[in-house]
Amino acid sequence: MVLSHSPTLLVAGFALTFKVLSRLLWALPVPRLVEKDWTRTWRWRNLSVSMVHSVVTGLGSVLCVLQVPELLTNISDGYSTPAHLLTCISSGYFIVDTADIVLNGQSRASWEFLLHHVLVTPPFVFAAFTRHYVAGGVISLFVEVNSIFLHTRLLLKLSNAQDSAMYQVNKYLNLLTFVTFRLGAQIYLTSYLLGKMMEQHGAYLLVRSSVSDTLILFSLCTVDCMIVIYLYRLVRADFLSRPRTCRAGQGKNNKFLTD
């Protein structure tokens, strides 16, 4: 693939693709409860774009590993053209989503998304341009399998469908994939990189390791902490609390609404 040798064009091209997709989604109908409020409409569109990214990269990452199992064991140097393509897709998406949040005045309401993007965008761009840690990027995209159910959950909450059968089924699938694909993938990646750095540098791993390895480890550990917090919030909201409806205008300061 000729474009695989031009990561700049690939990242820019996919960024433009997600921008166009975002614009096109404004023309699609949304639930009546959502269309009454501009912020809810923006969230619906933003989550819909995120859903497309999750379906493409989540399922794509699993297929990449099935096609090239070496990606699971050679995280730093494992490579395949489809895997590299996925890192470029995600790099473009994270850039566009960050801009979308900031330019639409949702930085405060969506600060968790911004923090996540700040942490993960540099490693993905690094993998896209250097082809180093491409396998790690693909494994980290396992979390997008869970994001399919997470975004479904948030879209259902936006449309006030917490009492629907679909929401009830989705919440169990969401929890299952959260533990396996999101938490499991993150722990695997963190353990791999930490073990590699300790094997190479021992107790001086933070001093002697490369800048890229150190920054990626920092990003992984920070995201690990965020995931544990999200898991607690998810269990509390969906399994330990009574479901609450979301009236129009409620939850304006939180993209997650009430968790």
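Good morning. Because the model is predicted, local features need pLDDT of at least 70 and side-chain atom pairs count only at pLDDT 80 or more, whereas totals for chains, interfaces and linings use all residues. Residues are numbered from 1 along each chain as its sequence is written, and side-chain values use heavy atoms, with hydrogens and water left out.

Let me begin with the cores. A nonpolar core is a set of buried Ala, Val, Leu, Ile, Met, Phe, Trp, Tyr and Cys residues joined through side-chain atoms within 4.5 Å; buried means under 20% relative accessible area, exposed over 50%, and partly exposed in between, with a 1.4 Å probe and protein chains only. The largest core has 41 residues, and Phe18, Cys64, Leu71, Ala83, Val120 and Leu193 touch the most other members. At least two residues each come from α1 (7-25), α3 (38-67), α5, α6, α7 (134-140), α9 and α11 (211-239). Helices here are DSSP runs of H or I, at least four residues, numbered from the N terminus. Which helix gives the most to this core? It is α11, with eight residues. A second, separate core has eight residues, including Trp44, Met51, Leu154 and Leu155.

Next, a helix pair. Helix α5 (residues 81-103) packs against helix α6 (residues 111-130) at an angle of about 145°, and their axes are 9 Å apart. Axes are lines fitted to C-alpha atoms over the stretch in contact, and angles run from 0 to 180 degrees between N-to-C directions.

Finally, two single residues. Asn170 lies in helix α9 (residues 165-201). Is Asn170 buried or exposed? Asn170 is buried, with a relative accessible area of 6%. Its side chain reaches the backbone oxygen of Phe149 at 3.0 Å. Leaving aside neighbours within four places in sequence, Asn170 is in contact with Phe149, Thr152 and Arg153.

Leu150, in helix α8 (residues 143-158), is also buried, with a relative accessible area of 17%. Leu150 touches Asn174 and Arg182, not counting residues up to four places away in sequence. The C-alpha atoms of Leu150 and Ser54 are separated by 9.9 Å, although these residues are 96 residues apart along the chain.

Thank you for your attention.

Note on methods:
A polar contact is a pair of N or O atoms within 3.5 Å; within protein, one must be able to donate a hydrogen and the other to accept it, and residues adjacent in sequence count only if both atoms are side-chain atoms. Contact means heavy atoms within 4.5 Å.
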